[in-house]
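Hi,

Here is the structure I said I would pass on. Have a look at it first, and my notes follow below.

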Amino acid sequence: MKAFSAALGAGMAAVLLFGCTDGDFPEEMYPEPEEIAVSAAQYDESEISELLENFQSNTRTENSEPEPQEDAEIKERNPQKRPSDVNVNVDEETGEMPEPDAEKAGCFDVPYISQTDYPTGCELVSASMLLAYYGIEIEPGELIDGGYVAAAEFAEDPENPGVVYGGNPNYSYIGDPRDENGFGCYSGAIADGLERLLEGKYFDAANLTGKSLDYICEFYLDLGEPVVVWISLNMEPLQYREGAEWTIKETGEKFQWLSNEHCVVLVGRDENYYYFNDPTNGKNFPYERELTEKRFEEMGCQAVTIRPWG
């Protein structure tokens, strides 16, 4: 996988300025590519911290200075914080992290689906697992083929060679989920697709984007409702793939895809871990809590679920 760049650190700082809240999250989640083309090797940690502080200062207007408490929260979620720096609850006798125990954590028995047949379709696979939990059986590919989740292809501008138009992943799945060169989609596209599918089925889709994991767990997971969330593949640092950019035709904005974006179903938690049905790694797969929260925030706090009526 490509080396993590300071470019990503600066880009994700922009995401963390908004943080995970109880409100809506803006669609413009990522910076322009030219803002992030700098190598982490050029900086030490103190210089990176200074860059982030400068970036945050430059993005605030005179009338939008955050409250001191919010600024402190941003620093706590510094995207340059390495996984090895994350505090975890360790066993007092052994000094080691307790082994994950999905059964003790009370993970929901969400039917598991691998993404083997959908190498870039983790979002569709996760949505299918969520639906299956409520007894609604549908193949991941049918979410696209049946027109529930909108799909967008690429097209070159005939009048401007080299300009490639593509869709907005907040509204459409980009590419082909059965193709290793496909891309994916964000929470808005999945929420819209679930709404279309669930019409008249006594369920509602709920787009929880912008909510914190604590909020999602308290008001959904702890009440017996699994949730689809966006993280990174294997919890690795998020990366930009060279050449994975296009122009959104409706707006003329340039968009750059995060190559190791990933989507999973949250099925349980305990003091040290979150547990997921991970389309690439298996059923009830554990990830450390603080690292999970970090990647979740870096992906813009995106989450979707469905709720039975009544």
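Before the helices, a word on how they are compared: axes are lines fitted to C-alpha atoms, for helices over the stretch in contact, and angles run from 0 to 180 degrees between N-to-C directions. Helices here (H or I, at least four residues) and strands (E, at least two) are DSSP runs, numbered from the N terminus. Please keep in mind that this is a predicted model, where local features need pLDDT of at least 70 and side-chain atom pairs count only at pLDDT 80 or more, while totals for chains, interfaces and linings use all residues. Residues are numbered from 1 along each chain as its sequence is written, and side-chain values use heavy atoms, with hydrogens and water left out.

Now the helix pair. α5 packs against helix α7 (residues 187-198) at an angle of about 40°, and their axes are 11 Å apart. That makes α5 oblique to α7 (under 35 degrees counts as roughly parallel, over 145 as roughly antiparallel, 65 to 115 as roughly perpendicular, and the rest as oblique). On the α5 side the contact (heavy atoms within 4.5 Å) is made by Glu123, Leu124, Ala127 and Leu131, and α7 brings Ile190, Leu194, Leu197 and Leu198.

The largest nonpolar core has 73 residues, and Leu131, Ile190 and Phe296 have the most contacts inside it. Such a core is a set of buried Ala, Val, Leu, Ile, Met, Phe, Trp, Tyr and Cys residues joined through side-chain atoms within 4.5 Å, with buried meaning under 20% relative accessible area (1.4 Å probe, protein chains only). Helix α5 (residues 122-133) gives the largest share of this core, 7 residues. Leaving out residues up to four places away in sequence, Phe296 touches a list that includes Cys20, Leu213, Ile216, Trp230 and Cys301.

Then the sheet. Six strands form an open sheet in the order β5-β12-β6-β9-β10-β11, with antiparallel pairing (two strands pair if DSSP finds at least two bridges between them). β5 (203-207) and β11 (282-288) are at the edges with a single partner strand each, so one side of each has no neighbour in the sheet. α5 lies across β6, β9 (261-269), β10 (273-278) and β12, and runs at about 25° to β9. Within the sheet, β6 (residues 227-232) and β12 (residues 303-308) pair over 2 bridges, and Val228 has Val304 in β12 as its bridge partner.

Cheers

Methods:
Buried < 20%, exposed > 50% of the residue type's maximum accessible area, 1.4 Å probe, protein only.
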